[in-house]
Amino acid sequence: MSGKGIVLEEPSVVAIDQDRNPVAVGEEAKKMLGRTPGHVTALRPLRDGVIADFYSCEIMLAEFIKRALDGTIGNPRMVIGVPSGITGVERRAVVDAAKNAGSREVGLIDEPVAAALGAGLPVSEATGNMIIDIGGGTTEVAILSLDGTVISESVRVAGDELTEAIIAYLKKVHNLIIGERTAEDIKIRLASAYPTPGDEFPPLEVRGLHLMSGLPRTVTIKAEEVRESMDEPLSVIVDAIKRTLEKTPPELAADIIDRGIMLAGGGALLRGLDRLVSHETGIVTHVAEDPLRCVVKGTGEVLKNQKLFERIVNETTRNV
């Protein structure tokens with residue numbers, strides 16, 4: 001919120017009962033993933049950066065708006081970050097969900113632009129800036145200049161796919177079935193994108209269900225195994241970066257070589273990802289100061305600055 005900074009930070013998870021009434025929203029609902037009784041369902045209303053369940057998304061937004069306003073009555077003006085590659089119909093769904101949840105005016109901003117603003121890149125200048133925003137559902141690769149996107153590519157491979165790759169690997173190699181939360185914990189504690197001497201972690205004990213016997217079992221996995229399991233989704237992200245660089249105009253390419261590539265989003269917290277991108281492209285790669293909050297900080301900058309709002313947000317929302 002303008003003047004207050006970040007007032008709410010919650011995962012986009014909703015728990016609903018059989019009658020579609022909300023049971024929990026946010027962090028409380030996330031703790032229920034994979035642990036609910038038959039009459040309660042914990043779900044993620046957003047998949048691959050777009051709305052997968054309109055009704056539960058509306059419930060979630062209404063609850064978040066209520067918490068953010070902290071009891072004060074109002075119909076806030078909202079700016080929402082969306083993946084650059086989504087369709088007009090998907091953009092319309094975001095606007096409708098926000099308005100139904102109690103917002104009076106909704107503006108959309110492409111996530112790479114918001115991430116670049118939040119990371120402090122000089123996007124208003126006539127120089128090339130390259131940002132890679134790796135979120136939960138999508139990876140956004142963009143070249144920005146003069147408050148606009150010159151080239152962008154959006155791939156629906158990001159943090160969620162890395163988690164799913166770990167689940168698939170343990171099932172295939174160790175015959176162990178684990179849940180999403182366990183896989184995420186493994187990713188945070190053991191995962192790395194590029195081997196670095198002296199940066200190894202001790203093996204981790206993982207508990208789950210054995211595929212053959214159907215009984216609980218514990219296996220020990222190493223950091224190298226986790227890195228191997230994520231090879232495929234990481235190569236999709238690297239390929240998207242290379243494709244974007246291939247299409248970049250020469251003048252902007254020269255700027256990017258000078259300035260380097262900026263990584264943002266929760267996926268940027270993956271150890272060694274900057275080294276992997278640097279190794280594959282030959283360009284110095286930096287991680288933003290607070291990668292997880294770059295997009296939300298960028299949307300905050302736009303809300304504060306009316307000129308920026310009119311120039312960036314209106315352009316993005318016009319075709320909805």
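Leucine 209 is placed in strand E12 (residues 204–210), strands being DSSP runs of at least two residues and helices (H or I) runs of at least four, numbered from the N terminus. The model is predicted, so that local features need pLDDT of at least 70 and side-chain atom pairs count only at pLDDT 80 or more, whereas totals for chains, interfaces and linings use all residues. Residues are numbered from 1 along each chain as its sequence is written, and side-chain values use heavy atoms, with hydrogens and water left out.

With a relative accessible area of 40%, leucine 209 is partly exposed, a class lying between buried (under 20%) and exposed (over 50%), for a 1.4 Å probe and protein chains only.

According to the unreviewed UniProt entry, the annotation "binding site" covers residues including Glu184 and Gly266; such annotations may be inferred rather than shown by experiment. Glutamate 184 lies in helix H6 (residues 180–190) and is partly exposed, at 22% relative accessible area. Residues up to four places away in sequence aside, glutamate 184 touches Lys30, Arg44 and Thr163, contact meaning heavy atoms within 4.5 Å. The side chains of glutamate 184 and lysine 30 are joined by a polar contact of 3.2 Å, that is, a pair of N or O atoms within 3.5 Å of which, within protein, one must be able to donate a hydrogen and the other to accept it, residues adjacent in sequence counting only if both atoms are side-chain atoms.

Glycine 266 is found in the loop between strand E14 (261–264) and helix H10 (273–281), and is partly exposed at 29% relative accessibility.
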